[in-house]
Amino acid sequence: MEVKKKSLYRVKFINQGEVYEVFAREVYASDIMGFVTVEQLVFDDRDSPVVDPSEERLKSEFESVRRCLIPMHSVIRIDEVTNRGAARITELGDKVTPFPTTILRPDGGKGGK
């Protein structure tokens, strides 16, 4: 009997001026229009003497998250991979241009005065 290996995805997205790179078992278009759903985040569980502060920050940030909904315009790339790398947070830099956004206020107006 052949054992099927679970898919693993590397998801890169922009979050508050930083690029997040996480690994997950499930990635699909959300029922909520304009979002990508990311489930079953995978982090390194090995007891290693070297601790990556970036990965530790992601672990604590997503510690109790079951499902993450990411706006499609924030997604940089989604890859199906064979091996998990290090989850990390990097500066946005000048290589990625965020999609223009407008913040709408509850009164229907746009941001600013």
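This is a predicted model: local features need pLDDT of at least 70, side-chain atom pairs count only at pLDDT 80 or more; totals for chains, interfaces and linings use all residues.
User: Where does Q16 lie?

Analyst: Q16 sits in the loop between β1 (8-15) and β2 (18-29).

User: Is Q16 buried or exposed?

Analyst: Exposed is the class for values over 50%. Q16 has 76% relative accessibility, so Q16 counts as exposed.

User: Which strand holds Q40, and what is the phi of Q40?

Analyst: Q40 also has a positive phi, near 55°, and is a residue other than glycine. Q40 belongs to strand β3 (residues 35-42). Its relative accessible area is 40%, so Q40 is partly exposed.

User: Now the interior. How do I read a nonpolar core?

Analyst: In soluble globular proteins, nonpolar side chains tend to be buried together. In this model, the largest nonpolar core has 16 residues. The members that touch the most other members are V11, F13, V27, V38, L58 and F62. Two or more residues come from each of β1, β2, β3 and β4 (67-71). β2 gives the largest share, four residues.

User: Take one of those members. What is V38 in contact with, leaving aside its neighbours within four places in sequence?

Analyst: With those neighbours set aside, V38 contacts V11, A24, E26, V27, R67, C68 and I70. V11 and V27 are also among the core members that touch the most others.

User: And V22: buried or exposed?

Analyst: The cut-off for buried is under 20%. V22 has a relative accessible area of 2%, so V22 is buried. V22 is found in strand β2.

User: Which residues does V22 contact, beyond its neighbours within four places in sequence?

Analyst: The list is Y9, R10, V11, F13, L41, L58 and A87. A separate check is C-alpha distance. V22 and E55 are 33 residues apart along the chain, and their C-alpha atoms are separated by 8.9 Å.

User: On to strands. How do β3 and β4 pair?

Analyst: Look at the sense of the pairing and the bridge count. β3 and β4 pair in the antiparallel sense, over five bridges. E39 stands opposite R67 in β4.

User: Which residues of β4 are on the covered face, and which on the uncovered one?

Analyst: A strand can be read face by face. In β4, C68 and I70 make up the covered face. R67, L69 and P71 make up the uncovered one.

User: Next, charges. How many salt bridges are there?

Analyst: The count is eight salt bridges. R10 and D79 meet through their side chains at 2.9 Å, N to O. This pair links distant parts of the chain: R10 is in strand β1, D79 is in strand β5 (residues 75-81), and they are 69 residues apart.

User: How accessible are R10 and D79?

Analyst: R10 is partly exposed, with a relative accessible area of 25%. D79 counts as buried, at 15% relative accessibility.

User: Which other salt bridge does D79 make with R77, and at what distance?

Analyst: The side chains of D79 and R77 meet in a salt bridge of 2.8 Å, N to O. R77 has 47% relative accessibility, so R77 counts as partly exposed. Shared partners join R10, R77 and D79 into one network of salt bridges.

User: What about E56 and K59: where do they lie?

Analyst: Both lie in helix α1 (residues 53-61), three residues apart, about one turn of the helix. E56 is partly exposed, with a relative accessible area of 37%. K59 also counts as partly exposed, at 25% relative accessibility.

User: Last one. Is E18 buried or exposed?

Analyst: At 15% relative accessibility, E18 counts as buried. E18 has its place in strand β2. The next thing to read is its polar partner. The side chain of E18 makes a polar contact with the side chain of R57 at 2.8 Å. Leaving aside neighbours within four places in sequence, the contacts of E18 are F13, R57, I89, T90, E91 and L92.

Conventions: Residues are numbered from 1 along each chain as its sequence is written. Side-chain values use heavy atoms; hydrogens and water are left out. Buried means under 20% relative accessible area, exposed over 50%, partly exposed in between (1.4 Å probe, protein chains only). A nonpolar core is a set of buried Ala, Val, Leu, Ile, Met, Phe, Trp, Tyr and Cys residues joined through side-chain atoms within 4.5 Å. Contact means heavy atoms within 4.5 Å. A salt bridge is a side-chain nitrogen of Lys or Arg within 4 Å of a carboxyl oxygen of Asp or Glu. Two strands pair if DSSP finds at least two bridges between them. A polar contact is a pair of N or O atoms within 3.5 Å; within protein, one must be able to donate a hydrogen and the other to accept it, and residues adjacent in sequence count only if both atoms are side-chain atoms.
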